[in-house]
Amino acid sequence: MREQLLGYLLGALEPTEREVLEDRLGQDDQLRGELALMRTGLEPLAEAVGRHDLPAPPSYLPSPPGLAARTCNFVAARSLVPSGGLAAAGGWRLQDWLVAAGIGLAAAMLLFPGISNSRFNARLAGCQNNLRQLGFALLNYSELHGGFFPAVPERGPLAVAGVYAATLKDAGLLETDSLVICPSSELARPSEAASPGDFRVPSVDDLLNASEEQWVSLVSTAGGSFGYGLGYIDEDGRYHGHGKHSRGNFPLMADAPHEETGGPSANHGSCGQNILFVDGHVEFLRSCRLSLRDDHIYQNAMGYVGAGIGPDDAVIARSPERPRVFPNLLDADE
């Protein structure tokens, strides 16, 4: 826990880790006391290296220029203090403790950003691995269903993006329910009521037979922390699902868009999203738009979350989203 508190002071925690720690700090007086003591102990070095933002550091802290030189000067200056200084526990003088704290903080300022990046990359890789395995499952499903991926119906209790997971599960193609959870997402964080291991993908029958209240709860997380592609409207106004005939660089799944903004996924701190393409490869993109076609992966060509306008219009939606279909929009320019 002390490492987390130090990381909090240095701004080296990921957003989700910071939120968890802040929740604990709000409920634990002892933990707040430890944080206050640690902050006080770091103040001498903060002044020595010219840092005054320890109470509210940035999310990712780079090593300040000249940190090593300033730390050495700090150590040298403290070592010149007369030996009659105030003694501390274990025979150490207060100055000795300050020197040790300074060296420790300097090392932490150098190491914590690297540790945070390693955690970020590890979770990013875990997310990509899950998407690839889901891609294999989707391709296997398409082989058994005429080249088509699980379709999101146009209407009815199964007409939500998250139905893809229930479809794969009923077909025996979902190896484990946890595959639909991104390691960096909110669903991957244990709560007081449940742990990530308790997550369960509902079956098709669960969705069909649920009461209205149960159905709303089920579809909110039916597809886990990933979004799935809605179908599209053809030139005649008919709604279709996507299949393997779509171009290889067509997005099929991705980290779910941010719930409030509809922009970059919150799964990776709103830094970008992993995208699974029809040909099975996965890429991490920081933009919501595909460069070649300027196609926003979370909105259709008309700028809303609903069925794509034509077969090349990808719309990846959060689990509870329905494929809103307004065929008359196809004639809007006529």
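A polar contact is a pair of N or O atoms within 3.5 Å, of which, within protein, one must be able to donate a hydrogen and the other to accept it. The structure described here is a predicted model.

Considering contacts with a separation of 6 or more, 63% are accounted for by residues 24 or more positions apart.

From the chain, the description turns to its interior. In soluble globular proteins, nonpolar side chains tend to be buried together. In this model, the largest nonpolar core has 43 residues, and the members that touch the most others are Leu134, Tyr164, Val180, Tyr228 and Met253. At least two residues of this core come from each of α5 (94-144), α6 (163-170), α7 (204-209), α8 (212-221), β1 (226-229) and β4 (251-255). The largest share, 6 residues, is supplied by α5.

Tyr228 shows what surrounds one of these members. With neighbours within four places in sequence left aside, Tyr228 is in contact with Leu138, Phe149, Pro150, Val152, Ala161, Tyr164, Leu252, Met253, Val315, Ile316 and Ala317.

Two individual residues may now be examined. Ser319 is located in the segment after β10 (316-317). Ser319 has a relative accessible area of 3% and is therefore buried, since the category requires a value under 20%. Leaving out residues up to four places away in sequence, Ser319 touches Val160, Ala161 and Gly162, as well as Val219, Ser220, Thr221, Ala222 and Gly223.

Arg289 belongs to strand β7, which spans residues 289-290. Arg289 has a relative accessibility of 39% and so counts as partly exposed, a category that lies between 20% and 50%. Apart from neighbours within four places in sequence, Arg289 is in contact with Asp294, Asp295 and His296. With Asp294, a polar atom of the Arg289 side chain lies 3.1 Å from the backbone oxygen, and the cut-off for a polar contact is 3.5 Å. Pro264 is 25 residues from Arg289 along the chain, and the C-alpha atoms of these two residues are separated by 9.9 Å.

Definitions and conventions:
Residues are numbered from 1 along each chain as its sequence is written. This is a predicted model: local features need pLDDT of at least 70, side-chain atom pairs count only at pLDDT 80 or more; totals for chains, interfaces and linings use all residues. Side-chain values use heavy atoms; hydrogens and water are left out. Helices (H or I, at least four residues) and strands (E, at least two) are DSSP runs, numbered from the N terminus. Buried means under 20% relative accessible area, exposed over 50%, partly exposed in between (1.4 Å probe, protein chains only). Contact means heavy atoms within 4.5 Å. A nonpolar core is a set of buried Ala, Val, Leu, Ile, Met, Phe, Trp, Tyr and Cys residues joined through side-chain atoms within 4.5 Å.
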